Amino acid sequence: MAGTEDGAATLGYEQARDELIEVVRRLEAGGTSLEDSLALWERGEELAKVCRRWLEGARARLDASLTGETPEGDAAPEA
């Protein structure tokens, strides 16, 4: 379970989601020490934040596409 929030932030959505699924599976299975469980929980929180940021970004891009605008932070391609 190595990694920091900075490391998690570089993950793609699918990578973060898949690792989060594994974290949840391990927590649900039990059998880990309290310290290991806390570390898994913290990692899960980091991964959930990454997934949430990806989904919020996708929502902003979709909304902008539907309204014909460019979301903040995204530069319009120059022709």
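Contact here means heavy atoms within 4.5 Å. Leaving aside neighbours within four places in sequence, Leu 11 is in contact with Ala 16, Glu 19, Arg 43, Leu 47, Val 50 and Trp 54. The structure is a predicted model, in which local features need pLDDT of at least 70 and side-chain atom pairs count only at pLDDT 80 or more, while totals for chains, interfaces and linings use all residues. Residues are numbered from 1 along each chain as its sequence is written, and side-chain values use heavy atoms, with hydrogens and water left out.

The protein chain has three helices and zero strands, in the order α-α-α along the sequence. Helices (H or I, at least four residues) and strands (E, at least two) are DSSP runs, numbered from the N terminus. Of the 79 residues of the chain, 18% count as buried, where buried means under 20% relative accessible area, exposed over 50% and partly exposed in between (1.4 Å probe, protein chains only). Among contacts between residues at least 6 apart in sequence, 67% join residues at least 24 apart.

The table compares two helices with their expected spans, taken as 1.5 Å times one less than the number of residues.

| Helix | Number of residues | End-to-end C-alpha distance | Expected span |
|---|---|---|---|
| α2 | 17 residues | 24 Å | 24 Å |

Helix α2 covers residues 13–29, and just after α2, Gly 30 takes a positive phi of about 70°. Helix α3 covers residues 34–67 and is followed by Gly 68, whose phi is also positive, near 80°.

The axes of α2 and α3 come within 9 Å and cross at roughly 150°. Axes are lines fitted to C-alpha atoms, for helices over the stretch in contact, with angles from 0 to 180 degrees between N-to-C directions. The two helices are therefore roughly antiparallel, a term for angles over 145 degrees. Residues of α2 that meet α3 include Tyr 13, Arg 17, Leu 20 and Leu 27; among their counterparts in α3 are Ser 37, Trp 41, Ala 48 and Leu 55.

The largest nonpolar core has eight residues: Ala 8, Leu 11, Ala 16, Val 23, Leu 40, Leu 47, Val 50 and Cys 51. Such a core is a set of buried Ala, Val, Leu, Ile, Met, Phe, Trp, Tyr and Cys residues joined through side-chain atoms within 4.5 Å. Both α2 and α3 supply at least two residues of this core, and the largest share, four residues, comes from α3. In soluble globular proteins, nonpolar side chains tend to be buried together.

Buried residues of α3 also include Arg 43, Gly 44, Glu 46 and Ala 64. The C-alpha atoms of Glu 45 and Leu 20, 25 residues apart along the chain, are separated by 8.6 Å.

Key. Parallel < 35°, antiparallel > 145°, perpendicular 65-115°, else oblique.
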